[in-house]
Structure formats: C-alpha cells, structure tokens
Amino acid sequence: MGYVEASDLKDLVLLGGGHSHVGVLKRFGERPFPGVRLTAICRDVRTPYSGMLPGLIAGHYTFDDAHIDLEPLCRFAGARLYHDEAIALDLAERKVVCKSRPPIRYDLLSINIGSTPETPDVPGAAGSVVLVKPIQQFIARWEALCHRVLSREGPMRIGVVGAGAGGVEILLAVQFRLGRLLAAHGRRADHLQYYLFSDTGRILPTHNARTRRIFERILAKRRVRVLTGHRVVEVADGRLRRADGGEYVLDEILWATAARAAQWLAQSGLAVDDRGFVEVADTLQSLSHPNVFAAGDIAALVNHPLPKSGVFAVREGKALEQNLRRALSGHPLAPFRPQRQSLSLISTGDRHAVASRNGWALEGRLLWRWKDWIDRRFIRAYRELPDVPARGG
Ligand SMILES: Cc1cc2nc3c(=O)[nH]c(=O)nc-3n(C[C@H](O)[C@H](O)[C@H](O)COP(=O)(O)OP(=O)(O)OC[C@H]3O[C@@H](n4cnc5c(N)ncnc54)[C@H](O)[C@@H]3O)c2cc1C
C-alpha cells in the first residue's frame with residue numbers, strides 16, 4: 001500500500017457515539033480504509049448501551065457493564081476521538097461546530113446522536129422533572145433521588161410520565177431498586193407510591209394486546225397507579241396537572257415521553273421532519289445534503305418510519321458502514337431494508353422479562369437470563385477487541 005498525502009486524505013467524521021457508530025468504528029477497525037481519516041466526536045466517552053439501562057437502574061449492572069468505552073474502540077478503528085459536544089453544522093463549509101474546539105471539517109459526515117424526551121411545551125416541566133435521557137444526566141440525578149428516598153421517612157410519591165417500553169421499564173426498575181435499597185437499611189418500602197402517566201389510552205401503545213395485558217397485571221400487582229388517556233399539561237411546585245383537570249402531588253417526576261431531536265440540526269439547514277429528526281433516504285443519506293448520513297434515533301427514514309429503539313440503531317450501523325465505504329470510493333449506495341418485526345425483550349426490574357413479537361408475548365425469569373446473555377455478548381464484542389492491526393500509510 002502506497003503512502004497517502006495528507007491533502008489526499010478524505011475526512012469521514014462520525015458525530016455521536018451511538019449504537020450505529022460503535023458498529024461502524026468496529027468494522028473500520030477490522031477492515032481499515034486507506035486514504036480515509038476517521039474522526040469521532042462524542043459528548044460522552046463512555047457511551048451507554050440502551051438494552052442494559054433498566055438493569056443498571058435496577059442494580060443488576062454496574063456503570064462499566066452497561067457502557068462502551070469509545071477510547072479503545074477508536075484506537076482499534078484508527079480514529080481520532082474528540083470528546084466534545086456538537087452545537088451546529090456549517091453545511092456550506094462542511095464543518096461541525098463544537099462547544100470547545102475549533103470547527104472540524106468533513107468530506108463525509110455521519111450523525112448518530114440519539115434523542116431526548118419531549119418536554120418543551122409542558123410549562124414548568126423543564127428544570128423540575130428528571131429526564132430519562134441523556135442517560136448520563138439521568139444516572140447522576142438517579143443517585144441523588146436514591147439519597148433523597150433514603151433520607152426521608154414519610155410517604156413519597158414517584159411519578160413516571162410516558163408509558164412506552166422505556167417508561168414502564170424504568171418505573172419497574174426504579175421500584176425494584178428503591179425497595180432493595182430500603183431493605184438493605186432495614187426499612188420497608190410501603191411509604192413509596194408509584195404513578196404512571198400516559199396521554200395514550202393504554203400503556204405500551206406500540207406493543208401487542210398480550211404484552212399490554214401482562215404489563216397491566218404486573219403493574220397492578222406492584223401497586224402502580226396507571227393513569228392513561230390525558231396529556232400532562234403543567235408541572236408546578238411538585239404538582240402535575242393533566243388535560244382533564246386532574247392534579248397529582250408528586251415528590252419526584254421522571255420524564256420518559258416520546259423522543260425529540262436536538263434543535264440545532266434543523267437550525268443548521270438539514271432537511272428534518274416535524275419533530276426535528278434528520279430526514280434520510282433508504283441509503284441513510286440526508287434528503288437535503290447527500291454527503292451527510294444519519295442513523296439511530298436521530299434519523300427519520302422517510303420511506304420506512306421506524307420506532308426509536310436501540311435495536312434499529314444497531315441494525316442501521318451495518319448498512320451505514322457499507323454505504324459510507326461506497327460513498328468514499330464513489331460506488332453506488334445500497335438501500336437499508338429494515339426488518340420490521342423485531343423481538344422486544346422488556347424487563348420488569350426483578351430479573352424477569354417479557355418477550356413480545358407480532359401477536360404473541362411470553363414472560364419469565366428465563367427470558368431475563370436470555371436477555372442478559374444477549375446484552376452482555378453485545379457489550380463484550382466492543383470490549384474484547386483484537387490487537388490493533390498494523391496500519392500502513
Ligand atoms: C429507559 C429507556 C430504556 C430503553 N430500553 C431499550 C431497550 O431495552 N432496547 C432498545 O432497543 N431500546 C431501548 N431504549 C431506546 C434506546 O435508548 C434508543 O432508541 C437508543 O439509545 C438510540 O440509539 P442511538 O444510537 O440513536 O443514540 P444513543 O444511544 O442515544 O447515543 C447517542 C450518542 O451520541 C452522543 N451525543 C449526543 N448528542 C451529541 C452531540 N451534540 N455531540 C456529540 N455527541 C453527542 C451521546 O453522548 C451518545 O453517546 C430505551 C430508552 C430508554 C429511555
């Protein structure tokens with residue numbers, strides 16, 4: 001392999017270290033692309049693996065168990081790692097604008113920065129609720145919440161807003177962990193009351209009826225008050241108000257509603273959908289800027305709308321890596337064909353899980369063990385990296 005002049009290098013910049021980009025980095029490490037300078041920019045060097053987050057909250061995993069360290073992964077991929085947060089794009093000059101360092105130029109840009117729960121139109125919510133994403137912030141606030149619970153004696157009401165899989169899983173994980181923490185201090189958890197709020201008529205609206213019935217039973221058994229069918233319209237002084245006028249006094253409010261996108265993407269001039277997600281073609285290329293790709297939660301696949309889930313972000317990673325290679329070498333790109341039906345494994349906090357697919361659902365401890373095995377295997381693939389291959393040029 002001949003040497004490549006610095007001026008001939010093509011700059012591939014990976015913005016965000018989400019589930020798709022960790023796959024891209026690993027595959028570029030396994031099969032380096034001569035003449036391409038790879039740069040990863042990420043706000044968090046330890047990137048969370050979504051499948052293990054409820055288990056982390058429930059206390060089954062440590063922080064390390066549930067996170068991928070981007071440093072060794074980037075070293076393996078031969079990529080520069082910039083620990084920084086992007087705040088804008090200069091699409092005309094092909095630059096990523098970051099909080100702390102000078103703008104970073106790209107020939108090809110790929111965006112995989114995830115999403116955050118939607119709160120902006122609920123007065124009082126911003127600042128007074130605990131958002132479940134970004135996860136790093138949530139983990140810090142979760143530890144503070146645990147301390148508050150331990151230091152209090154009287155009744156305490158904990159509400160989770162959002163009854164999709166994320167909200168239900170988080171609530172059950174929180175309940176399990178707080179129960180264990182109190183028991184470890186010789187205390188009971190009867191004074192803790194749990195509420196689950198949803199604006200949809202039922203919990204888990206994107207899952208099948210059997211899955212919903214299983215979770216309705218589990219939530220009832222675990223004395224969670226489920227309040228569906230009305231939007232939360234205001235949060236003020238520990239009071240949560242719903243559209244039907246109902247008011248609930250809560251000590252802690254966790255926010256796990258539908259996802260929204262970072263606003264600076266739309267402001268930068270990229271084509272985005274009505275919720276701010278980057279509109280991409282089947283090739284994962286931006287509809288407005290073909291030298292920009294997006295995958296995971298932040299991407300809106302216009303021809304095949306997909307749920308915001310780590311599973312799809314992982315699957316897109318493979319197609320993304322191949323199309324980035326094709327784009328770099330000037331070959332035609334191939335479409336990503338999402339496999340619509342995916343198995344979801346939703347944990348219930350207490351080392352049980354529910355498997356849901358098409359019209360069926362199963363539950364049990366074995367499913368948790370299976371999920372645990374799948375998740376640990378995923379993480380191991382990024383932890384146990386082969387020795388860095390010798391690179392020419
Ligand atoms: C409580 C909860 C439980 C969930 N459980 C599951 C589950 O069991 N299975 C499942 O499939 N999905 C689950 N999900 C959904 C899942 O978390 C998301 O769909 C998934 O994380 C999306 O992956 P991603 O790769 O798009 O982005 P993320 O995983 O969110 O990664 C984005 C990365 O980009 C970085 N980043 C963000 N903004 C910037 C910026 N401006 N500049 C630089 N870097 C940035 C972040 O630090 C992060 O490393 C759950 C979600 C929640 C809230």
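Let's start with one side chain: Trp373 counts as partly exposed, at 46% relative accessibility. Trp373 has its place in helix H9, and this helix covers residues 365-383. Keep in mind as you look around that the model is predicted.

- Is Arg369 buried or exposed? Arg369 is exposed because its relative accessible area is 57%, and the cut-off for exposed is over 50%.
- Trp373 is only partly exposed because its 46% falls between the limits of 20% and 50%.
- If you look for Pro34 as well, you will find its C-alpha 36 Å from the C-alpha of Trp373. In sequence, Trp373 and Pro34 are 339 residues apart.

**A charged patch on the surface**

- Which residues gather in a patch of positive charge on the surface? They are Arg180, Arg351, Arg365 and Arg369.

**The open sheet**

- Strands pair through backbone hydrogen bonds, in either a parallel or an antiparallel way.
- Five strands make up an open sheet with parallel pairing, and their order is S11-S18-S12-S13-S14.
- Which are the edge strands? They are S11 (130-131) and S14 (224-227), each of which pairs on one side only.
- Inside that order, S12 (residues 156-161) and S13 (residues 192-197) are parallel partners joined over six bridges.
- To see one of these contacts, find Arg157, whose bridge partner in S13 is Gln193.

- Strand S15 (residues 232-236) pairs with strand S16 (residues 239-242) in the antiparallel sense, over four bridges.
- Ala236 has Arg239 in S16 as its bridge partner.
- How many residues lie between S15 and S16 in their hairpin? There are two, and Asp237 in the turn has a positive phi of about 45°.
- Strand S23 (residues 344-347) and strand S24 (residues 353-357) are also antiparallel partners, with four bridges between them.
- Across this pair, Ile346 stands opposite Val354 in S24.
- The hairpin of S23 and S24 has five residues between its strands, and Gly349 takes a positive phi near 85° there.

Notes. Residues numbered from 1 in each chain as written. Predicted model: local features only at pLDDT ≥ 70, side-chain atom pairs only at ≥ 80, totals over all residues. Heavy atoms only, no water. Patch = residues over 30% accessible without salt bridge, like charges linked within 9 Å, V, L, I, M, F, W, Y side chains within 5 Å. Areas by Shrake-Rupley, 256 points an atom, 1.4 Å probe, with all protein chains shown as cover. Salt bridge = Lys/Arg side-chain N within 4 Å of Asp/Glu carboxyl O. Lys, Arg positive; Asp, Glu negative; His and termini not counted. Charge placed at Lys NZ, Arg CZ, Asp CG, Glu CD. Buried < 20%, exposed > 50% of the residue type's maximum accessible area, 1.4 Å probe, protein only. Pairing = 2+ DSSP bridges.
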